Amino acid sequence: MAETETVTRIKIKVLNGGNFDEKKVVSTTLGGLKSELNIPPRSSVSINAVTVEDNNHPIAEGDMIAAVENDKGGGKLNK
């Protein structure tokens, strides 16, 4: 019999234009979230209105994430 692996997803809110859209993600750190959501490496990322640069920073249920590419205007992830 095959083993079943349970994947825990957490709900966060991600800036999309002028709104925060709810997303379910598996990442528990900023670095993992950048990979999961294809956030470009040159982007500035804020978690709950605080700019965070440490890829080991934890991501928790209910966090509000905003990412803006440093060489572009915006605030909308292409996802």
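The side chains of D63 and N48 are joined by a polar contact of 2.9 Å. A polar contact here is a pair of N or O atoms within 3.5 Å; within protein, one must be able to donate a hydrogen and the other to accept it, and residues adjacent in sequence count only if both atoms are side-chain atoms. Keep in mind that this is a predicted model, where local features need pLDDT of at least 70 and side-chain atom pairs count only at pLDDT 80 or more, while totals for chains, interfaces and linings use all residues. Residues are numbered from 1 along each chain as its sequence is written, and side-chain values use heavy atoms, with hydrogens and water left out.

Let's stay with D63 for a moment. You will find D63 in the loop between β4 (50–52) and β5. Leaving out residues up to four places away in sequence, D63 touches K11, I12, K13, I47, N48 and P58, where contact means heavy atoms within 4.5 Å. D63 is buried yet has no salt bridge, and K13, the nearest side chain of opposite charge, is 12 Å away. Buried means under 20% relative accessible area, exposed over 50%, and partly exposed in between, with a 1.4 Å probe and protein chains only. For charge, Lys and Arg count as positive and Asp and Glu as negative, while His and the chain ends are not counted.

So where is a salt bridge found? E69 forms one with R42, with the closest N and O atoms 2.5 Å apart. This pair links distant parts of the chain, 27 residues apart: E69 belongs to strand β5 (residues 64–69), and R42 to the loop between α1 (30–36) and β3 (43–47). The rule asks for a side-chain nitrogen of Lys or Arg within 4 Å of a carboxyl oxygen of Asp or Glu, and by it the count comes to 1 salt bridge. R42 counts as partly exposed because its relative accessibility is 40%.

Now look at the strands. The names come from DSSP runs numbered from the N terminus: helices (H or I) have at least four residues and strands (E) at least two. An open sheet is formed by 5 strands in the order β2-β1-β5-β3-β4, with mixed pairing. The edge strands, β2 and β4, each pair on one side only. Two strands pair if DSSP finds at least two bridges between them.

Strands β1 (residues 10–16) and β2 (residues 19–25) run antiparallel and are joined by 7 bridges. N16 stands opposite N19 in β2. These two strands form a hairpin with 2 residues between them, and G17 in the turn has a positive phi of about 70°. On the β5 side, 2 bridges join β1 to β5, and these strands run parallel. Here K13 stands opposite M64 in β5.
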